[in-house]
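I opened this notebook to record what I looked up in the structure, entry by entry. Each entry begins with what I wished to know.

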Amino acid sequence: MDEAGSAVTAVAALEDELRRGMYDYIRRARRPVGRDEAASAVGISRKLAAFHLDKLVAAGLLCARYEPLGGIRKVGRTPKVYEPARNDIRISIPPRQHDLLAGILLDAVLDEGDQEKASQATLRVAREHGHRLGTAERERTRPGRLGAERALTRAAEVLAGYGFEPDREAPGCVRLRNCPFHPLTARSPELVCGLNHAFLQGFLAGLQARSAEAVLEPHPGECCVALRSR
């Protein structure tokens with residue numbers, strides 16, 4: 001299951017009021033919580049609590065393990081305890097990549113050169129981030145020499161996972177139907193579109209897709225960049 005599907009499953013698991021109550025209680029507890037305590041918190045039986053707690057584990061919201069409560073070992077089976085999973089659950093429709101944007105901007109602030117303007121550092125760092133992504137994809141797939149069509153196909157497959165919603169408009173053109181950085185693009189289109197362009201240029205360079213290029217082609221409601229064969 002992909003990340004978006006996992007997030008939907010997690011949110012669906014919290015639709016049940018009892019599960020949501022136990023999940024909230026365990027998050028606030030800041031320590032491992034046993035089934036008896038979780039059951040008491042929402043006023044249900046231990047058996048029913050176990051059912052709901054294991055559903056929350058299956059949805060990726062809780063982690064479970066066997067551990068003596070309070071660190072005290074007693075005779076009999078070691079009880080099962082629950083803690084919140086250490087992951088964020090977020091759903092955005094259409095997809096957004098604000099973490100990626102924030103990471104680029106933060107790295108640009110931390111790595112700004114003495115002779116660079118902030119905007120120049122941002123574009124450089126965006127290109128470096130994209131280059132790392134493209135290089136990692138090339139090392140993972142080892143595609144060999146990439147002609148224009150294969151380069152655009154490979155790029156579209158990767159960028160789909162980043163929320164760009166690529167559309168093969170023509171054999172030599174991939175339109176990116178979604179801007180993962182919206183609505184921040186509307187606040188500073190020159191900065192964010194430039195950053196996006198640099199990121200995608202770096203990605204194609206890292207992928208060694210010399211037969212393709214990222215070009216600025218703003219369309220209302222879409223990403224400002226398209227990928228085209230040279």
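**Entry 1. Overall make-up.** How many helices and strands are there in the protein chain? I counted nine helices and seven strands. I note at the outset that this is a predicted model.

I then looked up the dimensions. The radius of gyration of the protein chain is 24 Å, whereas a compact globule of 230 residues would have one near 17 Å. Along the principal axes, the C-alpha atoms fill a box of roughly 70 × 45 × 35 Å. Of the 230 residues, 37% are buried. Among contacts with a separation of 6 or more, I found that 53% join residues 24 or more positions apart.

Entry 2. In what order do the three strands of the open sheet lie? The order is 1-3-2, and the pairing is antiparallel. Strand 1 (33–34) and strand 2 (62–66) are the edge strands, each pairing on one side only. I looked at the contact between strand 2 and strand 3 (residues 80–84) and found five bridges joining this antiparallel pair. Within this pairing, Cys63 has Glu83 of strand 3 as its bridge partner.

I next asked which strands helix 2 (residues 17–29) touches. Helix 2 packs on the sheet and touches strand 1, strand 2 and strand 3, with its direction at about 80° to that of strand 3. Helix 4 (residues 46–58) lies across strand 2 and strand 3, and runs at about 115° to strand 2.

**Entry 3. The nonpolar cores.** Which residues of the largest nonpolar core touch the most other members? I listed Phe199, Leu200, Phe203, Leu204 and Leu227, in a core of 36 residues. Elements giving two or more residues to this core include helix 5 (98–110), helix 6 (118–141), helix 7 (148–160) and strand 7 (225–229). Helix 9 supplies the largest share, nine residues. Apart from this core lies another, of 17 residues, with Met22, Ile26, Ala59 and Leu62 among them.

I followed Leu200 further. Setting aside neighbours within four places in sequence, Leu200 is in contact with Leu159, Phe164, Leu176, Ala214 and Val225.

**Entry 4. Helix 9.** Why is helix 9 described as largely enclosed by the rest of the structure? I found that 14 of its 19 residues are buried, so helix 9 is largely enclosed. From first C-alpha to last, helix 9 reaches 26 Å, close to the 27 Å expected at 1.5 Å a residue. Gln208 follows helix 9, and the phi of Gln208 is positive, near 60°.

Notes: Residues are numbered from 1 along each chain as its sequence is written. This is a predicted model: local features need pLDDT of at least 70, side-chain atom pairs count only at pLDDT 80 or more; totals for chains, interfaces and linings use all residues. Side-chain values use heavy atoms; hydrogens and water are left out. A nonpolar core is a set of buried Ala, Val, Leu, Ile, Met, Phe, Trp, Tyr and Cys residues joined through side-chain atoms within 4.5 Å. Buried means under 20% relative accessible area, exposed over 50%, partly exposed in between (1.4 Å probe, protein chains only). Helices (H or I, at least four residues) and strands (E, at least two) are DSSP runs, numbered from the N terminus. Contact means heavy atoms within 4.5 Å. The expected span of a helix is 1.5 Å times one less than its number of residues. Two strands pair if DSSP finds at least two bridges between them. Axes are lines fitted to C-alpha atoms, for helices over the stretch in contact, and angles run from 0 to 180 degrees between N-to-C directions. The radius of gyration is taken over C-alpha atoms; the globule rule is 2.2 Å times the number of residues to the power 0.38.
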